[in-house]
Amino acid sequence: MKAYLAEIDGQREFYSRIGINPDLSHNTDGVDKGNLYENKLNIDNINKVLFQAIKYASRIRIRGEKLPANIILNDLNREIVYIFQSSDLLNEIEKVYFGAASKGNDEFTTNAKHIEIDYSSSSGLMQLLQFFLF
């Protein structure tokens with residue numbers, strides 16, 4: 001388990017480890033190779049973080065840009081990612097949201113399936129890399 005104190009430090013190390021330089025112009029933690037990233041020091045409520053990412057995906061769609069195929073929630077300190085397919089969340093992504101994406105997310109729930117990968121080991125990191133980079 002890591003012990004990042006600042007999200008930006010964990011985010012930079014994560015992106016370096018997986019070899020990407022994501023586009024940060026969407027007011028998100030990054031978009032790269034068909035993935036939208038939302039990084040948190042710790043994810044205690046996966047649905048809350050997912051809803052924040054859904055709001056970002058909605059804004060990308062509204063701007064007429066290509067919707068990332070995956071939403072990747074990253075618990076930086078636990079080194080676990082939760083990967084959702086955007087297509088499974090289209091009903092929510094197609095809505096228009098107002099206000100800060102990080103506000104009012106506590107009550108969100110979904111039955112959308114996701115993949116969970118612990119990338120703290122080399123085998124987990126390889127699984128992560130194979131899943132969405134190749």
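Reader: How many salt bridges does the structure hold?

Author: Keep in mind that this is a predicted model. Now the general idea. Side chains of opposite charge can pair when their charged atoms come close. Here the structure holds eight salt bridges.

Reader: Which residue forms a salt bridge with Lys-2?

Author: Glu-13 does, and the closest N and O atoms are 3.0 Å apart. Lys-2 sits in the segment before helix H1 (7-18), while Glu-13 is in helix H1, eleven residues apart. Lys-2 is partly exposed, at 29% relative accessibility. Glu-13 is partly exposed too, with 31% relative accessible area.

Reader: Is Glu-38 buried or exposed?

Author: Glu-38 is buried, because its relative accessible area is 2% and the cut-off for buried is under 20%. Its side chain meets that of Lys-40 in a salt bridge (3.3 Å, N to O). Look also at Asp-44, Asp-75 and Arg-78, which are linked in a network of salt bridges.

Reader: On to the sheet. What is the order of its strands?

Author: In general, strands of a sheet pair through backbone hydrogen bonds, either parallel or antiparallel. This sheet is open, has five strands with mixed pairing, and runs in the order S1-S2-S3-S4-S5. Strand S1 (31-32) and S5 are at the edges; each has a single partner strand, so one side of each lacks a neighbour in the sheet.

Reader: In which sense do S2 and S3 pair?

Author: Strand S2 (residues 35-40) and S3 pair in the parallel sense, over six bridges. Asn-35 has Asn-70 of S3 as its bridge partner. Lys-40 has Asp-75 of S3.

Reader: How many bridges join S3 to S4?

Author: Six bridges join them, and the strands run antiparallel. Asn-74 stands opposite Val-81 in S4. The S3 and S4 hairpin has four residues between the strands, and there Glu-79 takes a positive phi near 60 degrees. S4 and S5 also run antiparallel, joined by five bridges. Ile-80 has Asp-118 of S5 as its bridge partner.

Reader: Why is S3 described as largely enclosed?

Author: Six of the six residues of S3 are buried, so the rest of the structure largely encloses S3. Asn-70, Ile-72 and Asn-74 point one way, Ile-71, Leu-73 and Asp-75 the other. S4 is mostly covered, with five of its six residues buried.

Reader: Which residues make the nonpolar surface patch?

Author: Ile-62, Val-96 and Phe-98 make a patch of about 360 Å². Phe-98 lies in the loop between helix H3 (90-93) and strand S5 (114-118). Phe-98 counts as exposed, at 76% relative accessibility.

Notes. Residues numbered from 1 in each chain as written. Predicted model: local features only at pLDDT ≥ 70, side-chain atom pairs only at ≥ 80, totals over all residues. Heavy atoms only, no water. Patch = residues over 30% accessible without salt bridge, like charges linked within 9 Å, V, L, I, M, F, W, Y side chains within 5 Å. Areas by Shrake-Rupley, 256 points an atom, 1.4 Å probe, with all protein chains shown as cover. Salt bridge = Lys/Arg side-chain N within 4 Å of Asp/Glu carboxyl O. Helix = DSSP H or I, 4+ residues; strand = E, 2+ residues; numbered from the N terminus. Buried < 20%, exposed > 50% of the residue type's maximum accessible area, 1.4 Å probe, protein only. Pairing = 2+ DSSP bridges.
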